[in-house]
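This report describes the chain architecture, the interface and selected local features of the structure shown below.

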Amino acid sequence: MQESPGIRLLRWIVLFAALIIMLFPIYWMVNTALKPSTQVFESPPTFFSTAWSLDAFFALFESRPIGRYFLNSLVVAGGTTVLSVVLASFAAYGLTRFPVRIEPLIILALLFIKMLPEALLVVPFYQLIADVRMLNSYLSLVLVYSSFALPFAIWMLIGFFRVIPRDLDEAGIMDGASRLQTFWLVVLPLARPGLVAVAMFTFLTAWNAYLWSLVLTTDPSMYVLPVGIATLKGEYQVHWNELMAAAVIAIVPVLAIYTVLERYLVAGITAGAVKG
Amino acid sequence: MTSDQDTTSDQAGTVPAWTSRGASRSSRPWRGAGLKRERWLGYYFLLPAILLTTALIATPLARAFWTSLHRTRGLRSDFVGLDNYVYLLTTAEFWESLRVSAVFTTVCVFFHMLLGLGLALMLNKVVFARTLLRVGLLAPWIVAPSLGAIIWVWLLEPQFGVVNYMLSSIGLIERYQTWLGTPELALASVMIVDIWRGTPFVMLLLLAGLQGIPRDQYEAATIDGASAWQQFRFITLPNLRYLLVVASTLDVIYTMRHFDVIAVMTAGGPIGATEVLPVLIYNTAFTQNNFGRASAIGILLLGVILIFAIFYLRATQPGKARED
């Protein structure tokens, strides 16, 4: 198909304009985080400061338990990822390797859970967890996060497990391996790209989740990053450069991981048509 | 038409997981199906996930329904039957929130689809720097919605925000606006943020769909002298139709239940202008401490979502898709 260079150029211009618009808020976050306090409230704003510094980060760490929030996020997202990926691997193996009569029911349930509104469930979660006095605990957060992450993980993993030929399992069993051994030694290694995608997706979703821990943590030392940062915003006087520094701390690590592993993630998402 | 449908439902993986299932099973029965020893093994592998999900989804769901039949005030809780539902359906609050939700969802999904399709079409034609563009364009979707919302609160800040500065310096607005403080502007603002956040995913899905369209269809059309518009109208759109239906239905569901952006930016205000149903649930439960009524709103929201879920199910059933 021949295209005129004009059309090609136009497409490039439009795409790059879109790229700039999409990335501008992220740039502005970094730009503000690096500004000294005096420059934040300047009008007109400086688009590229000559006085960039890390002052806002130091101030933030001095006045806020941002390190603690980071640790909380890491524990909750990490725990959720481990629990969900392990259970989802078993479930996906069971579904793709054995005749499971209730399979249509399970698929329907997975779909149903994917569509449940979080806001509906957060009320009973709060009641149930308050009843057993488990508010402000890592365990309750990991369990609640997993309730939503697990169906997604199973959904995605089914797609990856199905394309691994069953003949390989059968060959393993012929060679005298047990079911668990074939699962562990044959299927899991072959499904590694899928596992990376699912683990990454689960981690990202858990890292970014807001509502659960907003409701299920009342003790500020248990806040995860999004909740802790949102409380900064609610204060009487917002130090925007410190707030943006906090956002940088929460966003930049996942953006970095995502940039490196984007291929896996995209493959995983398009394999399962999943959205977080 | 039938051949179009066949190619679309085969597109690499973007079809929901189950659709290829029936076919693969009937064409090649599981050899071990007769093994008595293994008959229950699949259930053992599934058991942990089923137990966890039952405990963490079914129980709260039942509890939510049960709570919705009660009037709760602090620690007191009285069974009132359907009173909460009657109250909600006969007062303006719920309907107003439903209206805001409908406007928010319609506008956001429309732009997600329109911009997502446009970007996917362009990205599909680009060769140089394609990965870079894809990674960059997808970035807003990786950022936590609540944190993206906070960044936008700063961008839209009335006095020192960069949006006011840029728009007034190119003459689009005469004076600085309080974006999140005026009802109409607040709704428009949260919609823009949701469009910023939600477009990349639709783009990604549709891009995968575009890459699944066989190239020879375009080549044949070019030989026949079809214009770019004709190729889009008679090749791209029919091939993409299935995916467009699936993506937009899913997007309606996800947008309708979305909480974070609005909760962070406006908490439903000013004067309820942005109070979509999920935010109304949260405010009712945790600001007014009325768990019973909040749960009833939640059940009603679930009902609305289930209507679209049924639509999604019908659209993704393989037999159904080929029929029409």
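Two strands pair if DSSP finds at least two bridges between them; helices (H or I, at least four residues) and strands (E, at least two) are DSSP runs, numbered from the N terminus.

## Basis of the model

This is a predicted model, in which local features need pLDDT of at least 70 and side-chain atom pairs count only at pLDDT 80 or more, while totals for chains, interfaces and linings use all residues. Residues are numbered from 1 along each chain as its sequence is written, and chains are lettered from A and ligands numbered from 1 in the order in which they are written.

## Chain B and its strand pair

Chain B contains 15 helices and two strands. Of its 324 residues, 43% are buried; a residue is buried if 20 or more other C-beta atoms lie within 10 Å of its own, exposed if 12 or fewer, and partly exposed in between, with C-beta atoms placed from the backbone. Among contacts in chain B between residues at least 6 apart in sequence, 70% join residues at least 24 apart, two residues being in contact if their C-beta atoms, placed from the backbone, lie within 7 Å.

Strand S1 (residues 70-73) of chain B runs antiparallel to strand S2 (residues 76-79) of chain B, and four bridges join them. B:Arg73 stands opposite B:Arg76 in S2(B). The covered face of S1(B) carries B:His70 and B:Thr72, whereas B:Arg71 and B:Arg73 lie on the uncovered one.

## Interface and nonpolar core

In the interface, 80 residues of chain A are in contact with 81 residues of chain B. Helix H13 (residues 240-272) of chain A gives the most to the side of chain A that touches chain B, with 16 residues. That side comprises 61 nonpolar, 11 polar and eight charged residues; Ala, Val, Leu, Ile, Met, Phe, Trp, Tyr, Cys and Pro count as nonpolar, Asp, Glu, Lys and Arg as charged, and the others, Gly among them, as polar.

A nonpolar core is a set of buried Ala, Val, Leu, Ile, Met, Phe, Trp, Tyr and Cys residues joined through C-beta atoms within 7 Å. The largest has 175 residues, of which A:Ala88, A:Ile154, A:Ala247 and B:Ile150 touch the most other members. Helix H7 (residues 138-162) of chain A gives the most to this core, with 16 residues. Leaving aside neighbours within four places in sequence, B:Ile150 is in contact with A:Ile229, A:Ala230, A:Lys233, A:Leu243, A:Ala247 and B:Val264.

B:Pro278 lies in helix H13 (residues 277-286) of chain B and counts as buried because it has 27 C-beta neighbours inside 10 Å. Beyond its neighbours within four places in sequence, the contacts of B:Pro278 include A:Pro117 and A:Ala119 in chain A, and B:Arg257 and B:Leu301 in chain B. The C-alpha atoms of B:Pro278 and B:Leu98, 180 residues apart along the chain, are separated by 9.9 Å.

B:Ala267 is in the loop between helix H12 (260-265) and H13 of chain B; its phi is near 55°, a positive value in a residue other than glycine. With 16 C-beta neighbours inside 10 Å, B:Ala267 is partly exposed. B:Asn289, in the loop between H13 and helix H14 (291-316) of chain B, also is not a glycine and has a positive phi of about 60°. B:Asn289 is exposed, with 11 other C-beta atoms within 10 Å.
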